[in-house]
Amino acid sequence: MKIRFFLALVLFLLSVLAAGDSKSFSVSARSGERRVQFQVMTIEENAGGRKVLAETIVEGLPGTDFNINLQTERFKMQARFLTDLIASDALKVRANLNTRRLFGYSPANLPLYEEDAQKHALEINFDETIVLLPFGRGAAETLKIEITPTLLSASMSETPLKINIGKQLSSGEIFVEAAKIPHRFETEVVLLADGHEVARAVADSLLEEAGEIVLQPDAKAEKEITEKPLTVKLSVDKYTRSRPADSVAISFNVFRAQNNQIETIIPKAAGAAPLGGELRYVLEENYFSGGKKYELKFKVRLAKGERAD
Amino acid sequence: MNCQYTEKISLLVDGEMSAEETRNVEAHLANCADCERLKNDFLFFRRQIKESARQMTATANILPNQKLKNKNYLWRRQVPLPVSAFALIMIALAAFGAWSAFSRFGRSENNPVSEITKQSASPEKKFAPPEQSELSLARFDKGGRAEIYTIRRQSADGNEPGGNEK
């Protein structure tokens, strides 16, 4: 009796210690994570030198995105930056620049605008700076927005995304906003023939970056599927926080290639579904012989290691 | 009347006798009907004179105001005007006032909308930045296209960029 009681007591104490210390275990497991800081400085540069007009610091986990919005009376710029830590000392920054400038008025007295849209993919180290010139260069005085990334070691506490405004522009024409959403997803595509799976593929997808997924046919697939496998060019366009579940929006096209000849099955399609939910598309029968009904089934999940929060 | 007190009656009425003489005359009046009648006549005349004097004084005070009232000042003159004419004059004055206010507070030469409209009259005209305040970032806008590139950190202080330009 005494030994059994003693063993039970020891097990009880061990379980209590393990439960009480779980938090420290989880924290230490995440202590290897890093944080990325972006210093966004708005600078006036002319022959006389440089003058800092505004400064904002964005800090968060790798994968933190930020927007720089500039709006004057006749000009508007929206610059979106999607960032991903691709190595211990390298960042992948995808920049989308959209500008709009009032040019004048038409004879019908309607406003005429000059618009521009640019997409850039930059791979930078942490000793580099991204320079954005909203109004271009060549003038006597230039407006520059310098974005300087820094890699920080994570603190023990889980600090949420931070935006610190060091110096604000008095006119309020520039403001910075930031958000952290998942960037990496695992996309599963399945081809069904009369409801039975005949081909499948799983691939990693990066938010707002298209990738090609070639469906691998299995033994039950028809000959035309085996000889000319379908290829899906897919992009996860948007991740939306929602309740009860977050949702994703995708766009894709489907084609098959043989002997350098491309046959388009679906030229352009899009859809949205809860994360992990299914999207089904019926393919046109005239592209396939045999009289079977072919469907494509999509499922988008978070990639391994990616967090929703 | 042959009474010797006749002359003293007027003095009595006027109060110009001593007290002793007044008693003597009043004693006589008690016995002399003629002198009594004379005294009453003197008193009657004196009242009449006082009444006349008062009326003359009142007339003298009223006369200046009456003169003012009767004076025909320009702004007190009445001008005969029909109601319809008066209404037309008021409408004309109101319309003039509204036009004056509109011309003062309506569109002016410095309105930026009208400035842009003038620019659109010649479509081939290039972008012309409007007047900017020193605080606005619009002073940097010369119509150029946005650019983005990367530079090495040590070059960020104004030296020539040494990294990739994207």
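This is a predicted model: local features need pLDDT of at least 70, side-chain atom pairs count only at pLDDT 80 or more; totals for chains, interfaces and linings use all residues.
**View 1. Lys223(A) sits in helix H3 of chain A, which covers residues 223-227.** Lys223(A) counts as exposed because its relative accessible area is 61%, over the 50% cut-off. While you are here, look for Ser289(A): 66 residues separate Lys223(A) and Ser289(A) in sequence, and their C-alpha atoms lie 10.0 Å apart in space.

**View 2. Five strands of chain A make an open sheet with antiparallel pairing.** Reading across the sheet, you meet the strands in the order E6-E5-E4-E3-E10. Strand E6 (111-125) and strand E10 (174-180) of chain A are the edge strands, each pairing on one side only. On average, and ignoring direction, neighbouring strands of this sheet are turned by 15° against each other.

**View 3. Zooming in on that sheet, strands E3 and E4 of chain A pair in the antiparallel sense.** Six bridges join strand E3 (residues 64-71) to strand E4 (residues 75-87). A handy pair to display is Ile68(A) with its bridge partner in E4(A), Ala79(A).

**View 4. Another open sheet of chain A has four strands, again with antiparallel pairing.** Here the order to follow is E13-E15-E16-E17. The edges belong to strand E13 (211-214) and strand E17 (261-274) of chain A, and each of these pairs on one side only. From one strand to the next, the twist averages 25°.

**View 5. A closer look at E13(A) and E15(A) shows antiparallel pairing over four bridges.** Strand E15 of chain A spans residues 230-240.

Notes:
Residues are numbered from 1 along each chain as its sequence is written. Chains are lettered from A and ligands numbered from 1 in the order in which they are written. Side-chain values use heavy atoms; hydrogens and water are left out. Two strands pair if DSSP finds at least two bridges between them. Helices (H or I, at least four residues) and strands (E, at least two) are DSSP runs, numbered from the N terminus. Axes are lines fitted to C-alpha atoms, for helices over the stretch in contact, and angles run from 0 to 180 degrees between N-to-C directions. Buried means under 20% relative accessible area, exposed over 50%, partly exposed in between (1.4 Å probe, protein chains only).
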